Amino acid sequence: MPELHWHRLMNTIRKWVQALSFLLTNGSWAFPFTRTIYQGPLKVVCSPGLNCYSCPAATTYCPMGALQQLLAGLRQALDNGQYFFGFYVVGTLGVIGGLVGRLVCGWFCPFGLFQELLHRIPSPKFAVPRPLRFIKFGVLTLMVVILPLTIVGDMGIGSPWFCKTLCPAGTLEAGIPMLLMQPNLREAIGLLFYSKVFILLLFSGWSLVASRPFCRTTCPLGAFYALFSSVKLVKLALDRERCTNCRACHAVCPMGVRFNESPNDTECISCLACSRACPFAAIHLEIGGLPLTAKDRRPLGKQA
Amino acid sequence: MKPTPAPAIRKAPLLTISLFLLMAIIGISLNEPSRVLEQAWQVCLSCIGIG
């Protein structure tokens, strides 16, 4: 298949996968009648992307929410002889990370899709400062692991700090819909809720003018998957013999990756934008070291 | 012309996936999925900034 057609096909497939993933992880549409969340057996299945499981339509569990809850309740669980260390959640996430890593962000995450759609609205566009990428590793370590484990109440139970104080996906998918469905809850909202709405508005506004700011700076799930950037099975690879360092890949990357300089970059979401833009067919998808896309073997400069 | 060597299969991803799969199986044997399910069935209002 010619390279150009392959890339168009892959781009179309990615958009369909994003839409399908959004619908599958939010596939319970009975909530206008039940006025509560889905409580079926599918909720034992991990959502690969960031998708709040208190969303009325959510059919799967959010790995970040579940992990925080398990760690927050660890002391009480141990007192009851239950060894809920989070192995099931971390193990599932690790399998996904080992398979595709941050490809999840580019292909499966509903909140990533939300930011991507906002960014398509015409407006001036700005870069996200590169050092901000390190914040998300702090969010993962501190708000998802350390604080839920260490700050506990009288009953020995902690809080899911990331969900409670920061997660804009939870506000968008669960907080606001629950308030609309159950008006009596409006009496319970306070400063915490308003601060979360502010955070949601902040990231929504930022997404208009910058590409995927939450994924790049704050998402703890993206930070976890980023740990697999060198060892994931499916990844983009650079053919150094064909690369001319023309930097065409720099301009198109929605995550600010300079692919020719760091092909194993922790920010790469395998969206294939760089592969599409490369005039020398130097970037290709590979599975376990074996190229998936047929490499263009025409001489340099003779491609599309 | 020198033949191009066949690309080598990377083993690190398979090892990583196996290790985490083992971890998930340990979690299942400890009955963690039932706890995850219990949590996912409840609306935690304070978790979403209400209350």
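Modeller: Gladly, and please keep in mind that this is a predicted model. What would you like to take up to begin with?

Biologist: What makes the side chains of Glu116(A) and Arg14(A) a salt bridge?

Modeller: The label needs a side-chain nitrogen of Lys or Arg within 4 Å of a carboxyl oxygen of Asp or Glu, and for Glu116(A) and Arg14(A) the N to O value is 2.9 Å. Because 2.9 Å falls within the cut-off of 4 Å, the pair is called a salt bridge. In general terms, side chains of opposite charge can pair when their charged atoms come close.

Biologist: Why is this pair said to link distant parts of the chain?

Modeller: Glu116(A) is in helix α7, residues 110-119 of chain A, whereas Arg14(A) is in helix α1 of chain A, and the two are 102 residues apart.

Biologist: How do you know whether Glu116(A) counts as buried or exposed?

Modeller: Buried means under 20% relative accessible area, and Glu116(A) has 13%, so Glu116(A) counts as buried. By the same cut-off, Arg14(A), at 7% relative accessibility, counts as buried too.

Biologist: Which residue forms a salt bridge with Glu116(A), the closest N and O atoms being 2.5 Å apart?

Modeller: That residue is Arg212(A), and since the limit is 4 Å, a value of 2.5 Å meets it. Arg212(A) lies in the loop between α11 and α12 (213-217) of chain A and Glu116(A) in helix α7, so this pair ties together parts that are 96 residues apart in sequence. Arg212(A) has a relative accessibility of 1%, and therefore counts as buried.

Biologist: What makes these residues a network?

Modeller: Arg14(A), Glu116(A), Arg120(A) and Arg212(A) are linked by salt bridges. Over all chains, a search of the whole structure finds eight salt bridges.

Biologist: Where do Glu38(B) and Arg35(B) lie, and how many residues apart are they?

Modeller: Both lie in helix α2 of chain B, residues 32-41, and they are three residues apart, about one turn of the helix. Glu38(B) forms a salt bridge with Arg35(B), with the closest N and O atoms 3.0 Å apart.

Biologist: How many salt bridges does the rule find across the interface of chain A and chain B?

Modeller: The rule finds one across that interface. Arg10(B) forms a salt bridge with Glu286(A), and the closest N and O atoms are 3.4 Å apart, a value that falls within 4 Å. Between the two chains there are also 12 residue pairs in polar contact, with both residues at pLDDT 80 or more. On the side of chain A that touches chain B, α5(A) gives the most, with 10 residues.

Biologist: How much area do chain A and chain B bury between them?

Modeller: They bury about 3,600 Å², and 73% of it is on carbon and sulfur atoms. Phe84(A), Phe87(A) and Tyr88(A) supply 17% of the area that chain A buries against chain B, more than any other three residues. The contact takes 54 residues from chain A and 36 residues from chain B.

Biologist: Which residues make the nonpolar surface patch of about 320 Å²?

Modeller: Phe22(A), Leu23(A) and Trp29(A) make that patch. A patch residue needs over 30% relative accessible area, and Phe22(A), with 32%, is partly exposed and thus passes that cut-off. Phe22(A) has its place in helix α1 of chain A, residues 3-25.

Biologist: What makes Trp206(A) partly exposed?

Modeller: Trp206(A) has 25% relative accessibility, and because buried means under 20% and exposed over 50%, Trp206(A) counts as partly exposed. Trp206(A) lies in helix α11 of chain A and, not counting residues up to four places away in sequence, touches Val128(A), Leu132(A), Pro213(A) and Thr217(A). The C-alpha atoms of Trp206(A) and Leu118(A), which are 88 residues apart along the chain, are separated by 9.2 Å.

Terms used
Residues numbered from 1 in each chain as written. Chains lettered and ligands numbered in written order. Predicted model: local features only at pLDDT ≥ 70, side-chain atom pairs only at ≥ 80, totals over all residues. Heavy atoms only, no water. Patch = residues over 30% accessible without salt bridge, like charges linked within 9 Å, V, L, I, M, F, W, Y side chains within 5 Å. Areas by Shrake-Rupley, 256 points an atom, 1.4 Å probe, with all protein chains shown as cover. Helix = DSSP H or I, 4+ residues; strand = E, 2+ residues; numbered from the N terminus. Buried < 20%, exposed > 50% of the residue type's maximum accessible area, 1.4 Å probe, protein only. Contact = heavy atoms within 4.5 Å. Buried area = accessible area lost by both parts, 1.4 Å probe. Polar contact = N/O pair within 3.5 Å; in protein donor to acceptor, adjacent residues only side chain to side chain.
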